[in-house]
Amino acid sequence: MRVLGLDVGGTRIKAGIVDPDGRLLDSEIVDTRASEGRDRVLKSMESLINRAIEKHRIRAVGMAVASPMDPERGILYYPPNLPGFGLFDLGSYMRERISVPVVFENDANAYVLGEWWKGAGTGARVLLGITLGTGIGGGLVVDGRVWHGAHGLGAEFGHIVVLPDGPECNCGNRGCFEAVASSRFLMELYERLSGERLTPAGIAERAKRDDAAAVQAFSLLAKNVGVGLASLTNALDPDVVVVGGGLVNAGVVLTKKIEMHFYPLLLPGLRDRVRLEFAKLGDFAAVYGAAYLAIKTVGGDR
Ligand SMILES: [Zn+2]
């Protein structure tokens, strides 16, 4: 038995054929071409799915989408990085056109579920996960199920306030976790300290060569990540915490410092019992999570 996991983001659509043991048997990445409008994106998704049905006889599709949504019905609520979609009933659209069951999940939730299934969070009863990138995505997996909250917006960890008078966030508040611990924050901070604008990878290179401004920028970023993550951990009592996303590619210049700031802020009862891990599945974590949901939908038999 095989399913298709799809991860539809603002720049790329990732597709993976996955079996119930979590083996990635085939994969494909295409450009989303979101600027060409909704129909264009939908056609790419449909052709990826139809190719998978023909070539691999998949039994179901799990779809992770970079959008606030009603995961049960597959309704998207104005995805900021897929601007042509607005309020869109992707569930009905797909069910009318695709011959196998299609299930939906927010991409950050799917990412954390993927890490729980086959990545750094395996075996966790309560897994708290965040992704550090342009923004901060979050997810909470409890006993193998994604926690959605009462309105489907559960685990939007990027908008807890970490610095009350900090920089303005896209949501309108100040000092949100994602306003002080994202790649944008890192790039702006480094520019203030050095007068140069570099990508996060460029700043990481400099930090590895002991460039003072780069080291300082990563230190402050790591401190903010540690503070936000420790607050969430103290509130939610997970057994494993997974940190992933593009910024983690910076390596030890970031990860060691996150550990250093995170553990001392935990409640004494948690300090020795919570495991902080960095994501293992890389770019395909959300594909695994989406595939897991698809496998559950059709019963998971081989
Ligand atoms: Zn915010």
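Colleague: Why is A155 called buried?

Modeller: A residue counts as buried if 20 or more other C-beta atoms, placed from the backbone, lie within 10 Å of its own, as exposed if 12 or fewer do, and as partly exposed in between. A155 has 23 other C-beta atoms within 10 Å and is therefore buried. This is a predicted model, in which local features need pLDDT of at least 70 and side-chain atom pairs count only at pLDDT 80 or more, while totals for chains, interfaces and linings use all residues. Residues are numbered from 1 along each chain as its sequence is written.

Colleague: What makes Y78 buried or exposed?

Modeller: Y78 has 12 C-beta neighbours inside 10 Å, so it counts as exposed. Y78 also has a positive phi, near 50°, without being glycine, and it belongs to the loop between β6 (75-77) and β7 (87-89).

Colleague: How many helices and strands does the chain have?

Modeller: The chain contains ten helices and 13 strands, where helices (H or I, at least four residues) and strands (E, at least two) are DSSP runs numbered from the N terminus.

Colleague: How do you know that the chain is as compact as a globular protein of its length?

Modeller: The globule rule (2.2 Å times the number of residues to the power 0.38) is set against a radius of gyration taken over C-alpha atoms. The chain has a radius of gyration of 19 Å, close to the 19 Å that the rule gives for 302 residues, so it is as compact as a globular protein of that length. Its C-alpha trace spans about 55 × 45 × 35 Å along the principal axes, and 46% of the 302 residues count as buried.

Colleague: Why are α5 and α7 called oblique?

Modeller: Axes are lines fitted to C-alpha atoms, for helices over the stretch in contact, and angles run from 0 to 180 degrees between N-to-C directions. Angles under 35 degrees count as roughly parallel, over 145 as roughly antiparallel, 65 to 115 as roughly perpendicular and the rest as oblique. Helix α5 (residues 183-194) and helix α7 (residues 212-236) pack at about 140°, their axes 9 Å apart, and are therefore oblique. Residues meeting here include F185, L189 and L193 of α5 and A213, A217 and L220 of α7, a contact being two C-beta atoms, placed from the backbone, within 7 Å.

Colleague: What makes α7 and α8 oblique?

Modeller: α7 and helix α8 (residues 252-262) pack at about 45°, with axes 8 Å apart, and are therefore oblique to each other. Among the residues that meet are L221, A222 and V225 in α7 and V253, L254 and I258 in α8.

Colleague: How do you know whether I258 is buried or exposed, and which residues does I258 touch?

Modeller: I258, found in helix α8, has 24 other C-beta atoms within 10 Å and is therefore buried. Not counting residues up to four places away in sequence, I258 touches A222, V225, G226 and V243. I258 and F218 are 40 residues apart in sequence and 9.5 Å apart in space, C-alpha to C-alpha.
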